[in-house]
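Here is a short tour of one protein model. Keep the sequence and the 3D view open as you read.

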Amino acid sequence: MNRILDLIYGYVEILVQGENPERFLNLCKNRNIYMEKIRYTDDDQLTAQIRATDFRRLGPIRRKTGVYIRIIQKQGMPFFFFRNRKRKAFFAGLLLAGVLIFVMTGRIWNIHIEGNVRNSTETILDFLKEQGVSHGMSKKKVDCSEIAASVRRKFSQVTWVSARIEGTRLLLEIREGISRKNIKEDTAACDLTADKAGVITEMVVRSGVPVKKPGDICKKGDLLVSGELHIMNDSQEIVRKEYVHADADIYISRKISYYQEFPMKYQAEESVGKVRKGVYLRFGCFYLGLYRTVEQNQWCMMEEYPLRVTENFVLPVWFGKTKMREYRKTEKLYTEKEAVREADRIFRIYEKKLLESGTKITENHIRTDITGQSCVTKGTLQIVQKVGKNRVILTENG
């Protein structure tokens, strides 16, 4: 803190020469003139650092002790402004920059949305833009409670929204749940039918009457759980019928086929020449760069970094770096090991998609063969997946 104050008020480094510099220091202390970084360079001289305002008070002490004082260095804002007093354009630029920063701090430069899954960030940003909420708008015009309410009204899956301003950022925290529309549909009376054929391995019924049981074979369209309930009397006669929304977790085991073929010949891109680097600045949709335009048979990789003054003060300017390099296309031929490795990579992608959809693979009967100019991977997979499709019940009351 003292260092910052020294720079603001200005300080000087002095050389004191005389027969008795200790007396000079004692008189300075008695008059509350503080010095720092005192160093003895010889028997009759020393160097010290003193504030510019205190330096003017050394006159009486200097005459009383008979020492000689010489200024070695001047530092701080007062001396800086004095040395540059003729540079009017420089100070005008500083003033303009200060005004510009002050104006920019009163606007929203970053809209951050988190917690959204069903609705993409771009969709929410487009809706906010329609409501007049966009990057660059004044913070005084931002009504956080109205923004939160409008987002809840527009997106039925959104159950809770919090909007607040931090610095130059508008932060939206969103929580999503089941939409009101889906809740209404889920309460309608319906049966649960099979949308795929297979052998039932597991069945957990929460609502309705099970028609099938684990171990049974079901075909596509078969009734699995009925939403029609029979109310019996003591004589086991049907008194009336009630209808519910059939709900259950049903898993079946079934066999699916897999086939993938690709040619042994392929085109590869080989890099030639050196990597050429460049930099650029982006202002919205406008680019100001020091890099060459991308030509045919060249690839370009770009990395962008938003410029920010503080954590929450994000400027509407992006700094980017580019890497460019020429390439040429050549025709190559897979070796047997490379072909098997490529076939396995393609199958792993397919397997990952199955797992992400909730499907389990219990058996794998896949093999890869190289036939002529092609690599063929084929076989069957035994999988376990969830089934069940709602079928609305048409009651007597409609």
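## The largest pocket

The lining of the largest pocket divides into 3 nonpolar, 2 polar and 3 charged residues. This is a predicted model. The pocket has a volume of about 210 Å³. Its lining consists of Ile111, Glu122, Leu125, Asp126, Lys129, Val133, Ser134 and His135.

Which element gives the largest share of this lining? Helix 7 does, with 4 residues.

## Helix 7

Helix 7 spans residues 121–130. Which of its residues are buried? They are Ile124, Phe127 and Leu128. Seen down the helix axis, the buried residues of helix 7 fall within an arc of 100°, so they line one face. An α-helix has 3.6 residues a turn, so residues three or four places apart point the same way.

What covers the buried residues of helix 7? The cover includes strand 5 (110–114), helix 8 (144–154) and strand 7 (169–176). Now turn to the face that points away from the buried side. There you find the exposed residues Glu122, Lys129 and Glu130. After helix 7 comes Gly132, which has a positive phi, near 90°.

Helix 2 covers residues 21–30. Its buried residues are Pro21, Phe24, Leu25, Leu27 and Cys28. Viewed along the axis of helix 2, they fall within an arc of 165°, so they line one face of the helix. The face turned away from the buried side carries the exposed residues Lys29 and Asn30.

Asn32 follows helix 2. It sits in the loop between helix 2 and strand 2 (36–42). Asn32 is not a glycine, yet its phi is positive, about 60°. How accessible is Asn32? Its relative accessibility is 47%, so it counts as partly exposed.

Lys37 lies in strand 2. Its phi is positive too, about 50°, although Lys37 is not a glycine. Lys37 is partly exposed, with a relative accessible area of 47%.

Lys37 is one of the residues that Thr47 touches. Thr47 belongs to strand 3 (residues 45–51). Is Thr47 buried or exposed? Thr47 is buried, because its relative accessible area is 10% and the cut-off for buried is under 20%. Leaving out residues up to four places away in sequence, Thr47 touches Ile14, Leu15, Lys37, Ile38, Arg39, Thr41 and Ile72.

Look at strand 21 (residues 374–387) and strand 20 (residues 360–371). They pair in the antiparallel sense over 11 bridges. Ile361 has Ile383 of strand 21 as its bridge partner. The hairpin of strand 20 and strand 21 has 2 residues between the strands. In this hairpin, Gly372 takes a positive phi near 65°.

Strand 21 also pairs with strand 15 (residues 247–263). How many bridges join strand 15 and strand 21? There are 14, again in the antiparallel sense. Within strand 21, Gln382 stands opposite Lys255.

## Tyr350 in helix 10

Tyr350 is placed in helix 10 (residues 336–356). Its relative accessible area is 27%, so Tyr350 is partly exposed. Which residues does Tyr350 touch, not counting residues up to four places away in sequence? They are Ile256, Tyr258 and Leu381.

How far apart are Tyr350 and Lys140? In sequence, 210 residues separate them. In space, the distance is 51 Å, C-alpha to C-alpha.

Definitions and conventions. Residues are numbered from 1 along each chain as its sequence is written. This is a predicted model: local features need pLDDT of at least 70, side-chain atom pairs count only at pLDDT 80 or more; totals for chains, interfaces and linings use all residues. Side-chain values use heavy atoms; hydrogens and water are left out. Buried means under 20% relative accessible area, exposed over 50%, partly exposed in between (1.4 Å probe, protein chains only). The arc is that of the directions from the helix axis to the C-beta atoms. Contact means heavy atoms within 4.5 Å. On a 1 Å grid over the protein atoms alone, a cavity is a set of points where a 1.4 Å probe fits but cannot get out, and a pocket is an open set with protein on both sides within 12 Å along at least five of seven lines; lining residues have an atom within 4 Å of a point. Grid points are joined across faces, edges and corners, and a volume is the space filled by probe spheres set on the points. Ala, Val, Leu, Ile, Met, Phe, Trp, Tyr, Cys and Pro count as nonpolar, Asp, Glu, Lys and Arg as charged, and the others, Gly among them, as polar. Two strands pair if DSSP finds at least two bridges between them.
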